[in-house]
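This briefing covers the fold, the helix packing and a few single residues of the structure below.

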Amino acid sequence: MTGRLKPRISTRKEPKQNRSNELVSAILTAAVRVLEEEGAQRFTTARVAEKAGVSVGSLYQYFPNKASILFRLQSDEWRGSTEILRLTLTSNASPKDRLRRLVHVFVRSECDEAPVRRALADAAPLYRDAPEARALRAEGDRIFDSFILDLLPGIADAARGVAGDLIITTLTAVGKEFSEKPRTEKEIDAYAGAMADMFCEYVDRLTRG
């Protein structure tokens with residue numbers, strides 16, 4: 001018995017001219033608007049093409065199906081998040097200062113991009129197990145794992161692994177829940193500061209043994 005074929009998620013071709021780049025940019029901008037306004041369940045290539053003001057045929061030159069559009073949006077978000085991780089966690093600041101900075105940047109990002117993130121999470125079954133998706137996530141994991149070694153160099157590997165899992169799982173789960181409704185700048189700063197304090201206290205306790 002053959003396995004079910006997965007939809008293609010890679011783009012058909014990469015734009016090489018300014019006009020092509022502008023077309024792809026218009027399609028992706030329209031895709032974000034459709035996600036924000038209608039959610040993943042009503043997301044179709046026809047709605048995206050209509051919102052972008054282009055023909056479905058023009059859209060299909062670059063994106064073979066809706067999964068490929070959604071994956072492009074998600075992969076762009078992952079690449080942006082990975083770059084934030086890289087800049088934040090590989091700076092010359094002390095490890096705890098880097099951890100504090102990460103919490104503030106992450107919580108703010110979750111709040112700023114909550115509508116699209118929620119819609120992409122609903123669409124995740126279309127692409128989350130694809131090799132391309134796994135490769136993008138793996139780079140972010142590598143950066144974070146290297147940072148945890150800087151943050152907690154003097155404890156056992158198993159304990160460090162648990163600490164890293166606890167920090168990243170708490171950060172993502174709590175950040176997602178916090179961003180479920182609109183937040184003011186003051187609320188974001190206060191919440192991120194409190195969570196950073198909690199993590200730093202946890203790190204201090206582990207360091208003290």
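The protein has 9 helices and 0 strands, and the order along the sequence is α-α-α-α-α-α-α-α-α. The model is a predicted one. Its C-alpha atoms occupy a box of roughly 60 × 45 × 35 Å along the principal axes. Of the 209 residues, 39% are buried. Where contacting residues are at least 6 apart in sequence, 72% of the contacts link residues at least 24 apart.

**Packing of H8 and H9**

- The axes of H8 and helix H9 (residues 185-208) approach within 12 Å and cross at roughly 165°.
- With an angle over 145 degrees counting as roughly antiparallel, H8 and H9 are therefore roughly antiparallel to each other.
- The crossing in which H8 passes H9 is right-handed.
- On the H8 side, the contact consists of Ala163, Leu166, Ile167, Thr170, Leu171, Val174 and Phe178.
- On the H9 side, Glu187, Ile188, Tyr191, Met195, Met198, Phe199, Tyr202, Val203 and Leu206 take part.
- Sorted by class, the residues of this contact between H8 and H9 are 14 nonpolar, 1 polar and 1 charged.

**Ile167 in H8**

- Helix H8 (residues 157-178) contains Ile167.
- Ile167 has a relative accessible area of 0% and is therefore buried, the cut-off for buried being under 20%.
- Beyond its neighbours within four places in sequence, Ile167 contacts Leu99, Phe144, Ile148, Leu151, Phe199 and Val203.
- Among these partners, Phe199 and Val203 also belong to the H9 side of the contact between H8 and H9.
- Glu187, another residue on the H9 side of that contact, is 20 residues from Ile167 in sequence and 21 Å from Ile167 in space, C-alpha to C-alpha.

**Packing of H5 and H7**

- Helix H5 (residues 95-112) and helix H7 (residues 131-151) have axes that come within 9 Å and cross at roughly 135°.
- This angle makes H5 oblique to H7.
- H5 crosses H7 in a left-handed sense.
- H5 contributes Pro95, Lys96, Arg98, Leu99 and Leu102 to the contact, and H7 contributes Phe144, Phe147, Asp150 and Leu151.
- The contact of H5 with H7 comprises 6 nonpolar, no polar and 3 charged residues.
- Leu99 of H5, together with Phe144 and Leu151 of H7, takes part in this contact, and Leu99, Phe144 and Leu151 are also among the residues that Ile167 touches.

**Ser146 in H7**

- Ser146 is a residue of helix H7.
- The relative accessible area of Ser146 is 41%, so Ser146 is partly exposed, a class that lies between 20% and 50%.
- The C-alpha atoms of Ser146 and Thr90 are 9.0 Å apart in space, while the two residues are 56 residues apart in sequence.

**Packing of H4 and H6**

- The axes of helix H4 (residues 66-89) and helix H6 (residues 114-123) come within 10 Å of each other and cross at roughly 125°.
- H4 is therefore oblique to H6.
- H4 and H6 form a left-handed crossing.
- Leu70, Leu73, Gln74 and Glu77 of H4 make the contact with Arg117, Leu120 and Ala123 of H6.
- By class, 4 nonpolar, 1 polar and 2 charged residues form the contact of H4 with H6.

**Helix H2 and Thr45**

- Thr45, Val48 and Ala49 are buried in helix H2 (residues 45-52).
- These residues span an arc of only 100° around the axis, so they lie on the same side of H2.
- Thr45, a residue of helix H2, is buried because its relative accessible area is 11%, which is under 20%.
- Leaving out residues up to four places away in sequence, Thr45 touches Leu59, Tyr60, Asn65, Lys66 and Ile69.
- Among the residues touched by Thr45 are Lys66 and Ile69, and helix H4 covers residues 66-89.

Note on methods: Residues are numbered from 1 along each chain as its sequence is written. This is a predicted model: local features need pLDDT of at least 70, side-chain atom pairs count only at pLDDT 80 or more; totals for chains, interfaces and linings use all residues. Side-chain values use heavy atoms; hydrogens and water are left out. Axes are lines fitted to C-alpha atoms, for helices over the stretch in contact, and angles run from 0 to 180 degrees between N-to-C directions. Helices (H or I, at least four residues) and strands (E, at least two) are DSSP runs, numbered from the N terminus. Angles under 35 degrees count as roughly parallel, over 145 as roughly antiparallel, 65 to 115 as roughly perpendicular and the rest as oblique. A crossing is left-handed if the near helix is turned anticlockwise from the far one by less than a right angle, and right-handed if clockwise. Contact means heavy atoms within 4.5 Å. Ala, Val, Leu, Ile, Met, Phe, Trp, Tyr, Cys and Pro count as nonpolar, Asp, Glu, Lys and Arg as charged, and the others, Gly among them, as polar. Buried means under 20% relative accessible area, exposed over 50%, partly exposed in between (1.4 Å probe, protein chains only). The arc is that of the directions from the helix axis to the C-beta atoms.
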